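Student: I have a protein model open and want to learn how to read it. Can we go feature by feature?

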Amino acid sequence: MTDFDLSGHLPGHRLDFRLLGPLHGRLDGRELDLGPPQQRALLAVLLLRPGRPVGSDELAEAIWGEDPPQRALGMLRQYAWRLRTVLEPDRPARGAGTVLVSVADGYALRIEPPQVDAHRFEEDLATAARAAADGDREATRTRLAAALAHWTGTPLAGLPGPYAERQRDRLTELRLGAQEDLLDCLLETGRSTEALAELQTLTALHPLRERPRAQLMLALYRSGRQAEALGVYAETRRLLTAELGVEPGAALSDLQARILAADPGLDVPSPTVPVPARPADRTPRQLTADVADFTGRADTVEQLAAGLRPGPGGALAVCTVSGPGGVGKTALAVHVAHRVRAEFPDGQLYVDLRGAGPAPAEPGTVLARFLQTLGLPESAVPEDLEQRAAHYRSLLAERRALVVLDNAHDTAQIRPLLPGGGGCAVLVTSRARTILLPGARQFELDVLTEDEALALLTAVIGPQRVAAEPAAARELVAVCGRLPLAVRIVARRLAGRPGRPLADLLARLRDQHRRLDELRVGDLAVEATLHLGYSALRPEPARAFRLLAFGDLPDLPVDVAAALLGTDRDGAEHLAETLVDAGLLDPYRADSYRYHDLLRLYAQRLRERTDPVADQQDAVRRLLDHLLASTANVSHLIEPGHALHRSLHPTEAPGSTPADESAARQWLRDRHTLLAATVEHALRELPGAARPAVDLLLLWFGLAEGPAHRGEFQRLISLATDTAREQHSPGAEARARYLSGVLHYLTNAYAPAEQQLTRSLALAEQADDHVARHLAANALGVLHFSTARPERALELLLLAKELAELFGDRGSAGLVLSTISRVYVALGSPEQAVAAAEGAVQAARAVANSSGVARVLYQYGCVLRRTGQPEPATTQLTEALDHFRSHRHRDWEGLTLARLAECHLDRAHRPEATHLAEQALTIATELTKPYAQALAHTVLGQSLPSATHLRTALTLFDQLGSPEAAAVRTLLADQAEAAPADRPSDASTRTGMS
């Protein structure tokens with residue numbers, strides 16, 4: 001009961017408050033400025049006791065603890081007066097409050113409990129408890145989900161005082177209990193797979209809570225993952241004994257015993273959950289074409305199709321097919337995948353893992369490709385393998401998809417590529433018999449039976465020819481060892497000669513009897529069989545077969561074939577089609593081919609035995625020149641006028657030219673594996689090729705989007721540096737070290753970045769390479785500015801600008817000038833800063849390099865804001881943001897959002913600043929960009945305000961060695977003195993070049 005009426009608050013207005021996260025208040029939907037932390041702490045106490053008076057002593061103890069300041073009462077009155085002004089904007093200047101009212105020596109807040117999310121949360125919990133008591137599981141689940149939906153973060157985040165701390169603990173415990181109750185509902189209704197992801201997160205955050213550990217064990221067990229469930233118990237016991245010195249409780253121990261005994265009482269039938277339809281244009285369908293003449297293996301096909309259906313409790317269905325090379329594993333897998341694909345409406349993913357070759361595909365690279373196929377932009381692909389795998393599992397969690405992992409190397413390569421469960425299935429092929437995956441059904445593929453081999457031969461050459469020579473046909477498949485690849489190659493040769501008797505070819509096989517005995521085991525058997533097709537080629541196609549087997553590529557485009565062979569596209573296509581007819585190459589896309597892995601290995605061995613080293617090197621040089629010219633053409637489309645275009649290693653190759661910028665970016669994605677293989681091969685194997693290989697790497701690196709392949713670039717750049725040094729090429733080494741320095745800078749490793757860039761600049765001067773000097777001086781200037789050395793930064797940047805003007809590159813000069821404008825601000829020369837920024841914009845627009853224009857506009861906006869012009873700064877930054885979003889430059893998008901948030905903060909637009917900073921923080925966190933994270937936290941620390949955000953910003957700036965740390969310390973000190981949140985000074989956002 002209260003001793004006053006609650007119905008008189010703000011007629012015609014609506015107040016709402018959020019406590020389950022940072023404290024927010026809204027009046028008629030408009031965000032309220034609730035003042036400094038202690039003022040917000042006072043409001044939180046009253047919000048958690050709506051309608052009830054709270055005395056001043058109790059309020060002081062709640063905010064400051066047992067030792068409040070001497071002016072506590074006066075400060076409470078000041079806070080209350082300010083809150084009345086915010087909560088009751090229509091109140092007369094000297095009128096009494098109607099919402100925040102004085103009661104005796106304290107205050108009360110005249111609001112209804114439903115106006116506060118914490119009270120709505122607790123009411124939903126009570127409703128859920130009543131539904132549970134009535135045995136209504138679905139209503140219980142619904143109300144628990146509704147209760148948890150109120151949460152947005154840490155309750156009462158950033159609020160000081162013992163009361164806020166106690167309420168944080170209480171509300172957090174209620175939330176954990178609700179999460180655990182909701183997970184019980186999911187487990188009781190057979191939704192184990194749905195519960196798994198949440199349980200894995202919950203147990204990671206609260207490793208010593210036994211209840212979610214037990215729930216996780218049960219969910220794993222019901223998903224067919226008994227070993228993992230028992231592993232959770234073992235890990236929990238280890239943690240409890242190590243951390244607390246206690247054994248697991250009775251509930252956990254009992255559950256372990258029941259799992260070991262396979263207690264039927266633990267099983268719950270899984271409900272049939274319809275899979276929602278997905279847009280057709282986003283559904284991956286990557287399966288290669290089914291083999292039209294696939295024959296035999298009927299029992300295996302049926303068993304595989306059955307094994308790919310989801311397991312009990314939504315467990316992931318996994319089948320592995322192993323066997324020797326050439327036994328037909330891929331053909332079988334693709335055939336079965338096509339047969340069951342209707343059961344996987346959310347798509348089919350396919351990848352050749354190249355496990356039989358010397359360089360198996362890296363799981364991280366495969367995951368990057370899968371994530372992009374599933375809709376994640378390339379620039380948003382995480383750098384870390386585990387994060388990529390987690391994203392991949394999340395994207396497939398609610399899909400019914402089939403994943404075909406062909407030609408796997410070992411279990412470690414496959415494990416990150418497995419979905420988490422649900423309605424997905426995985427089909428793995430491998431030569432290795434040691435692929436061991438939990439719950440997988442394993443199939444060992446042997447050679448064909450005699451009838452199956454004859455059926456395959458008949459399907460290719462026709463029944464009439466087999467019927468005309470039945471004995472020869474049987475002996476023919478016998479001497480092929482009934483190995484499907486050998487039978488198919490022989491059959492295609494016969495099909496290409498319709499009038500040739502089977503006995504003629506059989507006689508040739510008999511002459512190679514010793515080799516044919518080898519067909520039953522190992523690679524020699526494959527080589528002997530493949531030699532049957534190769535020996536029939538004329539010299540020119542035979543040379544093409546050997547030279548086209550470059551690297552370990554997923555496909556062979558026609559333009560690449562032409563470069564390797566030293567011919568034009570028509571000539572290359574004619575030779576490739578000849579090899580297709582001979583069964584030695586497969587058509588892939590409209591203008592691309594691919595080798596079977598065994599055929600590629602065989603061709604490579606032949607090349608080593610047959611072709612002079614000089615001829616092999618010439619082929620790779622032609623390919624290097626072609627890719628350098630093609631990448632330069634791509635660069636002209638994406639970044640016209642770039643300084644690098646003026647100083648590339650000379651080549652007569654015209655290269656490929658995509659139609660437009662979009663096609664150019666797609667060309668880069670399609671050629672990624674080829675570019676990496678060519679650069680590496682040239683650096684390792686081609687004498688004197690350091691400079692063109694480094695130039696190709698330099699162009700390619702500058703066009704790459706996001707951090708998806710940063711680890712691969714790091715390895716290639718290190719190799720390039722070593723090779724250039726060994727070949728005594730200071731120009732190439734200067735460019736390689738520039739790349740190394742930039743890569744270190746991008747990963748916030750400033751000390752090694754400075755070391756590499758300084759060495760690059762010295763080598764470029766030694767080589768008289770003006771472009772490399774320009775690049776190194778510019779990057780080194782940015783680094784000096786980012787680490788609070790503006791005087792030295794200005795010297796280096798003026799040098800970079802002078803060099804760009806020397807070789808006539810107006811666009812690069814403009815980009816450097818925009819950087820210089822930021823330095824002028826730091827040096828206290830605002831007029832020079834604005835003039836330089838305006839000149840940079842004019843230069844960038846004249847060159848028509850859209851990426852350059854956007855980056856210059858970003859710098860211009862930063863300069864305008866720093867010189868007290870936040871409104872025009874907003875205009876420039878908004879234009880830059882539109883470009884970065886349209887081109888999926890996520891890192892620049894996050895930075896620009898943070899800068900726009902600063903502008904809105906300067907203009908006292910706190911809600912807008914908060915909204916933009918939250919977007920910036922989301923992007924920066926996804927991409928692991930600590931500088932942008934720190935900028936966003938700094939804005940949020942002022943716009944909310946929040947000491948927690950400011951402390952996080954301070955930690956990040958300190959770790960980076962950024963000068964912004966000092967300004968954030970000042971802001972924290974101001975908040976600690978309970979001063980109103982002031983407009984941020986210029987110093988609060990002094991930045992590097994980002």
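Student: How many bridges join strand β5 to strand β6, and do they run parallel or antiparallel?

Tutor: First, a caution: this is a predicted model. Now look at residues 100–103, strand β5, and residues 106–109, strand β6. Four bridges join them, and the strands run antiparallel.

Student: Which residue in the hairpin of β5 and β6 takes a positive phi?

Tutor: Look at the turn. Two residues lie between the strands. A104 takes a positive phi, near 55°.

Student: Now helices. At what angle do α31 and α32 pack?

Tutor: Compare the axis directions. Helix α31 covers residues 710–726, and helix α32 covers residues 730–746. Their angle is about 150°, and the axes are 8 Å apart. Angles over 145 degrees count as roughly antiparallel, so α31 is roughly antiparallel to α32. The crossing is left-handed.

Student: Which residues of α31 meet α32?

Tutor: On the α31 side, they include F713, I717 and A720. Among those in α32 are A736, L739 and L743. Sort the residues of this contact by kind: nine are nonpolar, three polar and four charged.

Conventions. Residues numbered from 1 in each chain as written. Predicted model: local features only at pLDDT ≥ 70, side-chain atom pairs only at ≥ 80, totals over all residues. Heavy atoms only, no water. Pairing = 2+ DSSP bridges. Axes fitted to C-alpha atoms, helices over the stretch in contact; angles between N-to-C directions. Parallel < 35°, antiparallel > 145°, perpendicular 65-115°, else oblique. Left-handed = near helix turned anticlockwise from the far one by under 90°. Contact = heavy atoms within 4.5 Å. Nonpolar A, V, L, I, M, F, W, Y, C, P; charged D, E, K, R; others polar.
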